[in-house]
Amino acid sequence: MIKSMIKAGALLFIFTVISVFLVALIYDSTKAQIKYNEEQLLIQRLGELVENYDNDILKDKFLKVITLHGVKQTIGIYPAKKKNKTFAYLIEHTYPNGYSGGIRLLTGVSVDKKLLGVRVIAHKETPGLGDKIELKKSNWIEQFKGLSLFNPNKNQWKVKRDGGTFDAFTGATITPRAIVTATYQVLELLNEPCPFSKKPCN
């Protein structure tokens, strides 16, 4: 009886070790592909928001640790340049208060502080409802292009249900409300002195 238990335990241990090894092997073999896919999606989103830049926008990316959307986070900043002159920034950031958690966003702004647009990189919103923030599901997110901190005015930077300008989805208000709030808060960030400087402001 004891020998049988020891044998069963040993087999279980061996099976566990082999399983862990196989999971690790599969992860390592797919990690490079996952990273490549994420980079390709990011390049696609960048291209949807800005064009005619001649710099290596991925290589020129820099990081900045700031408090944005009420949380301390590391944002990625991609400067778009033409003839070595920056004409736009694309900000990769996370809004923490979506319906189902954080929403990873890419927000494009020109140097004159106008929105080039907003795109969703990753989210966990409800399929068929909140996922209409994706361009492939709906053109809802295209309405931000050309807007600025004062266009519309602060009181209108809300969904219509809250007395603002922006439509919500039928049966889903929290998700569009999150995108509107996140976008406005990025525009507020632009109003700060040299918000995207790599060095501290003087």
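**Close-up views of the predicted model**

In this predicted model, residues 24 or more positions apart account for 46% of the contacts in the chain with a separation of 6 or more. The chain has two helices and five strands, which follow one another along the sequence in the pattern α-β-β-β-β-β-α, and buried residues make up 36% of its 202 residues.

**View 1. The hairpin of strands β1 and β2.** Strand β1 (residues 62-68) pairs with strand β2 (residues 71-82) in the antiparallel sense over seven bridges, and F62 has I77 in β2 as its bridge partner. Two residues lie between the strands of this hairpin, and H69 in the turn has a positive phi of about 60°.

**View 2. The salt bridge of R45 and E48 in helix α1.** The side chains of R45 and E48 meet at 3.3 Å, N to O, and the two residues lie three residues apart, about one turn of helix α1 (residues 2-49). R45 is buried at 17% relative accessible area, whereas E48, at 29%, is partly exposed; together with R119 they are linked in a network of salt bridges.

**View 3. The salt bridge of E92 and K61.** The side chains of E92 and K61 meet at 3.8 Å, N to O, and this pair links distant parts of the chain, with E92 in strand β3 (residues 85-98) and K61 in the loop between α1 and β1, 31 residues apart. E92 is buried, with a relative accessible area of 9%, while K61 is partly exposed at 34%.

**View 4. The salt bridge of K137 and D131.** The closest N and O atoms of K137 and D131 are 2.7 Å apart; K137 is partly exposed at 44% relative accessible area, whereas D131 is buried at 5%.

Notes: Residues numbered from 1 in each chain as written. Predicted model: local features only at pLDDT ≥ 70, side-chain atom pairs only at ≥ 80, totals over all residues. Heavy atoms only, no water. Helix = DSSP H or I, 4+ residues; strand = E, 2+ residues; numbered from the N terminus. Buried < 20%, exposed > 50% of the residue type's maximum accessible area, 1.4 Å probe, protein only. Contact = heavy atoms within 4.5 Å. Pairing = 2+ DSSP bridges. Salt bridge = Lys/Arg side-chain N within 4 Å of Asp/Glu carboxyl O.
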